[in-house]
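Subject: Structure handover

Hi,

Here is the structure I promised to pass on to you.

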Amino acid sequence: MALVEFALRSLLELLVLPISLLSWLGLWDPLYKRFFPVILNRCVVEYNQKMGKAKKELFANLPQLGSAKGLTILELGCGTGSNFEFFPQGSKLVCVDPNPHFESYLTRSKAQNKHLTFQRFLVAKGEDLSQVDSGSVDAVVCTLVLCTVTDTDKVLKEILRVLRPVSELSQLSTPSLPTLLPSLDAPPPWGEGSTVLSEMPSFG
């Protein structure tokens, strides 16, 4: 058993050796940022076909969160814009992603989603949304993002800061997407009256 474990560990180290070497040379991050959008863009169509119904359910209550000025959504980790088609008609959208190479794909997604008004694309991490004014958005959407951030607490504090306080907390839970934060049976860690939509795929 120990021999098998050693062999598997050695194989894994061998597989990640090129990445480790590129990282040590300072080349991995620019290469990753350049090619990840290409790979993700190729997966988006099939992913949305499989998750389309669940996404519609997840975003169904977004129209309820708008103010008299309409609905402003901040999408954290917007990627190629794969969620745009599921956002309500007339929504105003602020796109945030730490990878600047997504912008060309976002331009294409904007052209395909005329029902939205795109305000701006910000190159930023979730831990630092200082480019966004406090209390300026009605909803924050982050799908497949919170599991990848460096500091979840900082991200959630920034989300709380940019959200406009609302009178009612909107919540959603489905078998395949067990979460709109916070949970139904616990008080939200960032205070009453804010909504965060976070998609969590099911693997079982």
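In helix α3 (residues 103-112), the buried residues include Tyr105, Leu106 and Ser109, where buried means under 20% relative accessible area, exposed over 50% and partly exposed in between, with a 1.4 Å probe and protein chains only. These residues span an arc of only 100° around the axis, which places them on the same side of α3; the arc is that of the directions from the helix axis to the C-beta atoms. An α-helix has 3.6 residues a turn, so residues three or four places apart point the same way.

Before you go further, please note that this is a predicted model, in which local features need pLDDT of at least 70 and side-chain atom pairs count only at pLDDT 80 or more, while totals for chains, interfaces and linings use all residues. Residues are numbered from 1 along each chain as its sequence is written, and side-chain values use heavy atoms, with hydrogens and water left out.

Helices (H or I, at least four residues) and strands (E, at least two) are DSSP runs, numbered from the N terminus. Together, β2, α3 and β3 form a right-handed β-α-β unit; right-handed here means that, with the strands pointing away from the viewer, the path from the first strand over the helix to the second runs clockwise.

Now the strands, where pairing requires that DSSP finds at least two bridges between two of them. Strand β2 (residues 92-97) has five of its six residues buried, so it is largely enclosed by the rest of the structure. Six bridges link β2 to β3 (residues 117-123) in the parallel sense, and one of the pairs sets aspartate 97 against valine 123 in β3. With β1 (residues 72-76), β2 pairs over five bridges, also parallel. Across that pairing, glutamate 75 faces cysteine 95 and leucine 74 has valine 94 as its bridge partner.

What about β1 itself, buried or exposed? Five of its five residues are buried, so β1 is largely enclosed by the rest of the structure.

Leucine 144 has a positive phi of about 60° although it is not a glycine, and at 39% relative accessible area it is partly exposed.

On cysteines: the whole structure contains zero disulfides, a disulfide being a pair of cysteine sulfur atoms within 2.5 Å. For cysteine 142, the nearest cysteine sulfur is that of cysteine 147, 9.8 Å away. Cysteine 142 is buried at 0% relative accessibility, whereas cysteine 147 is exposed at 66%.

Finally, the second largest pocket holds about 220 Å³ of space. It has 14 lining residues, and Val44, Gly81, Ser82, Ser109 and Gln112 lie nearest its centre. Both α2 (28-58) and α3 supply at least two residues each to this lining. A pocket, on a 1 Å grid over the protein atoms alone, is an open set of points where a 1.4 Å probe fits, with protein on both sides within 12 Å along at least five of seven lines; lining residues have an atom within 4 Å of a point. Volume is the space filled by probe spheres set on the points.

Best wishes
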